[in-house]
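Morning, everyone. Please bring up the structure on your screens. I'll go through it in short steps.

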Amino acid sequence: MTGLLLASACVSSGEPEVGFGAAWLTPSGVIPPDVVSLRIVRVLPGDRELEIFERSVGSLEDADMNGRRELPVPSLPTGEVLDLEIQGKSEDGSVRFVGRTGPVFLNPGERRYFNVAMYAVSDTGTNQAVDRDDPPPATFLHTATTLADGRILIAGGFDTVESMATCPAGLPDGEQICFALEATNRAFLFDPSTALFHPTQATMIEARGGHTASRVTDGRVVISGGATHGVLAIVKVGEFADFREFVLLPRNEDGEEEALANAEVFDPELEPELEDLDRDGDPGRGTFVGDPSQTTRVGIPINDGRFMHAAAAVPGANTVLIAGGMGSGSDSYEVFDIAKPGGMGVYDNQDNPRLSAARTMPSALALGSGTTARVWIVGGAAVTSNGQLADAWSPDDTDPNGVLETGPELGFPGGATDRPEHALLRPAVAALEDGDFGLVTGWYGPRCPAGMGRATPVFADATTQICAPGPDRSYTIDNSDGSAAATATPSGTRHAFGDAVVMGDGRVLVVGGTSDATLQATEATLVYTNVTSGTAAGAGGARLDRGRLFPASAALLETGVLVTGGFRILVGDSIGLVPEAEAIMYNPPGRTDGREMEPGE
């Protein structure tokens, strides 16, 4: 594993040309021995770049005698926003490290310093610990959301886990071990330019875990549902001693079963520093907004309490579809609208059709755009037919609650052939091919005859239990016609309770979770690159340093993913929260217009 390389950048008055600034980029600490040159580029909209220059590592000098070797960068434009990228290249010309700083705004003659985090990259992916100062506390069932400016919002989750002397009633039969969970209201912003975590200006309005976070078109993030407390139960069942099921239940602070029936909105531009004296772009700016009609700081009401529900931002809109989950809304959906007349919130959903099944642990997948925009609500239920595998929701110009199509049956090859293996609980989902296709991946949830443990899945009835993992339970949805195809995954890369993230170049990285019925966390990752004949193509990627169930992950820079939190089952069936954050980075894609930057550009 390779750690982060830190760099410092100094913008110096020096003797710049009129109307231009000059920069000194100063890598500090240890430069990897195989990095022989540093390439400095200015990144432009549309993923274009202007090469400023490339210098050998040996040419760096400590001109101002401050203990940091410096690389002068003359003739930078002033009076406009700059995004600068540093690429560390090996002798064969391949890029081995990438760092980004920006937005940078220079005045003529200005001197400034920046700390720049450089991430190790490779064609097959490189993982590295993000072990910088004051990381956020270890949590699980939290959320991670990439903001429009590249920062990552990490919000809430359960940060306290304590063993319970007595388990609640109603769990599956078998040896039971239970844990009481308590959520946090803390939130952090990760700045990829420095690899630093910054506490938000204010805490969340509610402590919540098992909630959702969805970034809408205007850049704000809608956070809904969850619970302030919870119970995690691990039950050994079936004929195999190592086979486990698990159960999550919402609780309030009094220990009663209750999911939160409110939301809050994170606005990334509110509460900025009055003066950005250190000129670092104020990476901790932003705060949480609640119900403006109340004099106290409270959440925005939603129609139903929801925990472990599904939510997705509607493509091209400032609305979020919220559906299912444990609580009063397991078979319902509602629409949260940032621009709702009278104030942001949800529309009444009493007249909405019901979901085709009570979905207690579903996922939501936003696909398409314009007239093809849909949100697919998948899994989350012990279904009884193909018609309950998914529901499809579409926006409607005349009805703010949109249109729900129940039981589209997904059109798997073979017509109405039973597909119980695709009834997944909390699958990881992501859009592929610019939203034309959707990936649904996992293995946990299909039902087998009770006592069999490893038998072929069947549609649920009163005598079934969750099966051990089997092949080909992931699938791909074609948004154009609702057809679906089973998606095989390479051996050893099954991911139940992992996460799927769309990277900046369109590839999907699946991380974390568990690959077998012992519920032991996997370090494997999986990269999906394209769809051929309706099937997604997957291959193994870089391994995590720490496997984890229920991590929260988000896109990092152009070709990376930040993985945070989660938990592991330890020896003796105790639970250990994972405190480390990891960055998995791939080589940046080729850009256009890679030429020397001329003064005035």
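The mean pLDDT of this predicted model is 85 over the chain. A score of at least 70 is reached by 84% of the residues. Two stretches need caution. Residues 9-24 stay under 50 in pLDDT. The model still gives that stretch 64 contacts beyond four places in sequence. Residues 591-601 are also below 50. There, the model has 39 contacts beyond near neighbours in sequence.

Now the overall build. How many helices and how many strands does the chain have? Zero helices and 46 strands. The chain has 601 residues, and 58% of them count as buried. Take the contacts with a separation of 6 or more: 61% of them join residues 24 or more positions apart.

Let's start with strand E17, residues 221-224. Val-221 and Ile-223 point one way from the strand. Val-222 and Ser-224 point the other way. All four of these residues, Val-221, Val-222, Ile-223 and Ser-224, are buried. As background, side chains in a regular strand alternate between the two faces of the sheet.

Strand E16, residues 212-215, runs antiparallel to E17, and four bridges join them. Ala-213 has Ile-223 of E17 as its bridge partner. E16 and E17 make a hairpin, with five residues between them. Look at Gly-219 in the turn: its phi is positive, about 100°. Then comes strand E20, residues 262-267, which is antiparallel to E17 and joined to it by four bridges.

E37 pairs with E38, residues 508-511, in the antiparallel sense over four bridges. Val-501 is opposite Leu-509 of E38.

Thr-493 is in the loop between strand E36, at 484-487, and E37. Setting aside residues up to four places away in sequence, Thr-493 touches Ala-524, Thr-525 and Leu-526. Is Thr-493 buried or exposed? Its relative accessibility is 8%, so it counts as buried. The other loop lies between E38 and strand E39, at 525-532, and holds Leu-519. Leu-519 is not a glycine, but its phi is positive, near 65°. Leu-519 is buried too, with a relative accessible area of 2%.

On to the aromatics. The count comes to twelve aromatic pairs. One of them is Phe-140 with Phe-158. Their centres are 5.9 Å apart, the planes are at 50°, and the pair is tilted. This pair links distant parts of the chain, 18 residues apart. Phe-140 is in the loop between strand E9, at 126-130, and strand E10, at 143-146. Phe-158 is in strand E12, residues 158-163. Phe-140 is buried, at 0% relative accessible area. Phe-158 is buried as well, also at 0%.

Why is the pair of Trp-443 and Tyr-444 edge-to-face? The ring planes stand at 65°, with the centres 5.6 Å apart, so the pair gets that name. Trp-443 is buried at 1% relative accessible area, and Tyr-444 is buried at 2%.

These rings belong to a cluster linked by ring pairs. Its members are Phe-140, Phe-158, Phe-246, Phe-307, Trp-443, Tyr-444, Phe-497, Phe-550 and Phe-567.

Leu-141 has a positive phi, near 55°, in a residue other than glycine. At 7% relative accessibility, Leu-141 counts as buried.

Last item: charges over rings. The charged end of Arg-55 sits over the Phe-53 ring, 3.9 Å from the ring centre. Lys-340 lies over the face of Tyr-347, and there the distance to the ring centre is 5.7 Å.

That's my tour. Questions, please.

Notes. Residues numbered from 1 in each chain as written. Predicted model: local features only at pLDDT ≥ 70, side-chain atom pairs only at ≥ 80, totals over all residues. Heavy atoms only, no water. pLDDT = per-residue confidence, 0-100. Contact = heavy atoms within 4.5 Å. Pairing = 2+ DSSP bridges. Helix = DSSP H or I, 4+ residues; strand = E, 2+ residues; numbered from the N terminus. Phe/Tyr/Trp six-rings, centres within 6.5 Å; stacked < 30°, edge-to-face > 60°. Buried < 20%, exposed > 50% of the residue type's maximum accessible area, 1.4 Å probe, protein only. Lys NZ or Arg CZ within 6 Å of the ring centre and 35° of its normal.
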